[in-house]
Amino acid sequence: MDAKILDSLNEQIRAELHSAYTYLAMSAHFSEKNLDGFGHWMRLQATEELGHAMRLYDYVLERGGQVRLLGVDAPPASFGSPLEIFEDALAHEKKITAMIHALYDRAREAKDYATEMQLQWFVTEQVEEEDNAGRAVEQLKLAGTNTSALLMLDRVFGQRAGEG
Ligand code: OFO
């Protein structure tokens, strides 16, 4: 595999692990605040992110490349309101989408068709990721400062089921 593509894939593994770390920190924060539904949602999201990292990890190995696990930055130690947290999640997903698109471009330029195919799954997944976070932001905006509405959303988010 092209060395630059391999570096970018290892970088993407790091980004997905960082996403998992970030969502796990958000989950812990929500649980500490007794918003267990949002905590559950974030915990599942962290698990999904780990799955994304492992999908790339397996792919690199399958292609005979070297998996290099890079350092993962610590997530923030404190968080704002539920709305601010989901706004951060949406902004984070937009950054991840941009990374995936840049990686896709690189695979195209290198005529690395297998990597391009692999990344197609991620392109589709990012549409869902942004949609999920975006809908949460809009719902939290609707709830505003209404505590009953917030608690109702917490219950709804607590019903999120894991994938597969
Ligand atoms: Fe891996 O999609 Fe979110 O970050």
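A nonpolar core is a set of buried Ala, Val, Leu, Ile, Met, Phe, Trp, Tyr and Cys residues joined through side-chain atoms within 4.5 Å. With that in mind, here are some close-ups of this predicted model.

**View 1. The largest nonpolar core has 21 residues.** Welcome to the inside of the model. Phe30, Phe38, Met42, Phe86 and Phe157 have the most contacts within this core. At least two core residues come from each of these helices: H1 (3-32), H2 (36-62), H3 (82-109), H4 (113-143) and H5 (147-157). The biggest share is that of H4, which gives 5 residues.

**View 2. Phe86 and the residues it touches.** Let us stay with one member of the core. Leaving aside residues up to four places away in sequence, Phe86 is in contact with Phe30, Phe38, Trp41, Met42, Ala136, Val137, Leu140 and Phe157.

**View 3. Another core lies apart from the largest one.** This core has 17 residues, and Ile5, Leu9, Ala53 and Val67 are among them.

**View 4. Helices H2 and H3 pack against each other.** The crossing of H2 past H3 is left-handed.

**View 5. The residues where H2 meets H3.** From H2 come Phe38, Trp41, Met42, Gln45 and Glu49, while H3 brings Ile85, Phe86, Ala89 and Glu93. Sorted by kind, the residues of this contact are 6 nonpolar, 1 polar and 2 charged.

Terms used: Residues are numbered from 1 along each chain as its sequence is written. This is a predicted model: local features need pLDDT of at least 70, side-chain atom pairs count only at pLDDT 80 or more; totals for chains, interfaces and linings use all residues. Side-chain values use heavy atoms; hydrogens and water are left out. Buried means under 20% relative accessible area, exposed over 50%, partly exposed in between (1.4 Å probe, protein chains only). Helices (H or I, at least four residues) and strands (E, at least two) are DSSP runs, numbered from the N terminus. Contact means heavy atoms within 4.5 Å. Axes are lines fitted to C-alpha atoms, for helices over the stretch in contact, and angles run from 0 to 180 degrees between N-to-C directions. A crossing is left-handed if the near helix is turned anticlockwise from the far one by less than a right angle, and right-handed if clockwise. Ala, Val, Leu, Ile, Met, Phe, Trp, Tyr, Cys and Pro count as nonpolar, Asp, Glu, Lys and Arg as charged, and the others, Gly among them, as polar.
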